[in-house]
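Subject: Structure for you to look at

Hello,

Here is the structure I promised. Please open it and keep it beside this email as you read.

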Amino acid sequence: MSTPLQIPELLIQIGESLDHPSLVSLSHVDRFTYTVATPLLLRDVAISLKSKSFPLFASAIRSNQSLAAFCKSLSFSNVQPPYSFELQENLIAILNAACVHHNLASLSLQGMLNAGVGPLPERVWIAIAASGSSVEVLKLCMRIVKAEWMPLTNAHFTRLRVFHLDVRFASSAGTDYAPLQHLLESLSDLEDLDIYFPVFHPTPGMTWQSRHPCLKRFSIRGGGNIRNSKFLARNPQIQTLRVHTEQAFEPVFDSPIHTLDLDSKFPNPWRAIIHSPIVHLCLRDVSNYPLVQQFIRATQSTLRCLEIQFLGHPGDRHFPESVLGLIIIPPTLDELAVLGTWKNGFNLAPCAFPDTMIHQILGALGPNSSLRALRVRCSKDFSLQDHPDALGQLPPFLKYISCEVHYNTKCRLHLIDREDRKGFVSKTLRRRSPDDWAEKSVLRYFGEAWTE
């Protein structure tokens, strides 16, 4: 009679519920478990090029290229110069082996943007481009200079659905983006497009004339050289839009955009999307408060999640009254995020507001607010369980308070319980802030829907 560990289907179910260290231990039990667990171990590989595991992984692939057939997703971090010959050979060996089997669906290369300048060798770009026949998700975030991505733009991506490209450190002089524009025009099945251009620099060669019938998410940061681009009009089915650029877009009326992220550089934002049924609105670098008030009022009938990220100064100790005046406008908010930051070079640091700011925000909302979740950014990590006076009177439906300390890192989630109509914190959880700006919502994290 077979034991449970000798039934492949059962062992696969067990393996899919295990974390990576436990799965490694399972693969070492015997030859049978190794055979079943190995495809699970190699299905989603995330590895740093600077780690000791990277050359070992490359050596294993060289020894048995059939292992690469199990790789559905490859994610490489710390892609930064200097690129030694050995590192290049290892990376190329892995990519070439994965491309042979045509099973690689997702490829990501994440660099450190504060690393030294140095182009990724052309032979590596050729290996990346060779994945075009199978890859559906391609994310490249590296310190790219000049036009070194040429092999990539000449590739034929027949299945690409998600394309994220970060070229914010591309050379500001002499860079021709026409090959990139040509690549975009060939990607007819794109559903998610995210491009980060150099800030405050033109992007010659980008005409934004491509059409993508399946495009649902579009993000553009930096760049801008077309007076009135018709890209939104050519792709009217976009539902999630992030625009942090001086690039102007022609208005699109009655578009289905429901999730919108804007910063202060976007010219006349309300003209392009004023009639869209916006549910989730994120406004960054807020400084023109009358303009922001207009925009919030224009969308308040459908707005359920509002995020206001305003710029302050390192020495700020008092929460701005002008920001409190913005949050009382929407009558039926489900979730509110009020995040004060100041710019420290290319990074954002939290303003040092006191713990009492939560009390101030809740006081501005009033006792009859429909709010169910609140997100704030604090100067230090603290638990509301130890600061009951920081809450004050809670709105009747408030269930969650999220306190972020640093930009894009872990935060505390406080769950609110009720007793004699007074709120108190019953439980505190830790949550890593997701990279996807549209997925930072606390209510979505707990699987709750917006109010209809």
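Where is Thr245 found? Thr245 sits in the loop between E8 and E9. Before going on, note that this is a predicted model.

Stay with Thr245 for a moment. Its relative accessibility is 0%, so Thr245 counts as buried; the cut-off for buried is under 20%. One of its polar atoms lies 2.8 Å from the backbone oxygen of Gly222. The backbone oxygen of Gly223 lies 3.1 Å from a polar atom of that side chain.

Now the strands on either side of that loop. Strand E8 covers residues 240-244. Five of its five residues are buried. Which residues of E8 lie on each side? Thr240, Arg242 and His244 are on one side, and Leu241 and Val243 are on the other. In a regular strand, side chains alternate between the two faces of the sheet. Here both faces of E8 are covered.

E8 has two partners to look at. Strand E7 (residues 217-221) pairs with E8 in the parallel sense, over five bridges. In that pairing, Arg221 has His244 of E8 as its bridge partner. Strand E9 (residues 259-262) also pairs with E8 in the parallel sense, over four bridges.

Next, a helix. H5 runs over residues 85-101 and has 17 residues. Why does its length make sense? At 1.5 Å a residue, H5 should span 24 Å, and its end C-alpha atoms are 25 Å apart, which agrees.

H5 has a set of buried residues, including Leu87, Leu91, Ile94, Ala98 and Cys99. What do the buried residues of H5 pack against? They pack against helix H4 (53-63), strand E2 (73-77), strand E3 (106-110) and helix H6 (122-129). After H5 comes His102. Its phi is positive, near 55 degrees.

One last stop, further along the chain. Arg431 lies in strand E17, residues 422-432. Is Arg431 buried or exposed? Its relative accessibility is 7%, so Arg431 counts as buried. Arg431 and Tyr445 are 14 residues apart in sequence, and their C-alpha atoms are 9.4 Å apart in space.

Best wishes

Key:
Residues numbered from 1 in each chain as written. Predicted model: local features only at pLDDT ≥ 70, side-chain atom pairs only at ≥ 80, totals over all residues. Heavy atoms only, no water. Helix = DSSP H or I, 4+ residues; strand = E, 2+ residues; numbered from the N terminus. Expected span 1.5 Å × (residues − 1). Buried < 20%, exposed > 50% of the residue type's maximum accessible area, 1.4 Å probe, protein only. Contact = heavy atoms within 4.5 Å. Pairing = 2+ DSSP bridges. Polar contact = N/O pair within 3.5 Å; in protein donor to acceptor, adjacent residues only side chain to side chain.
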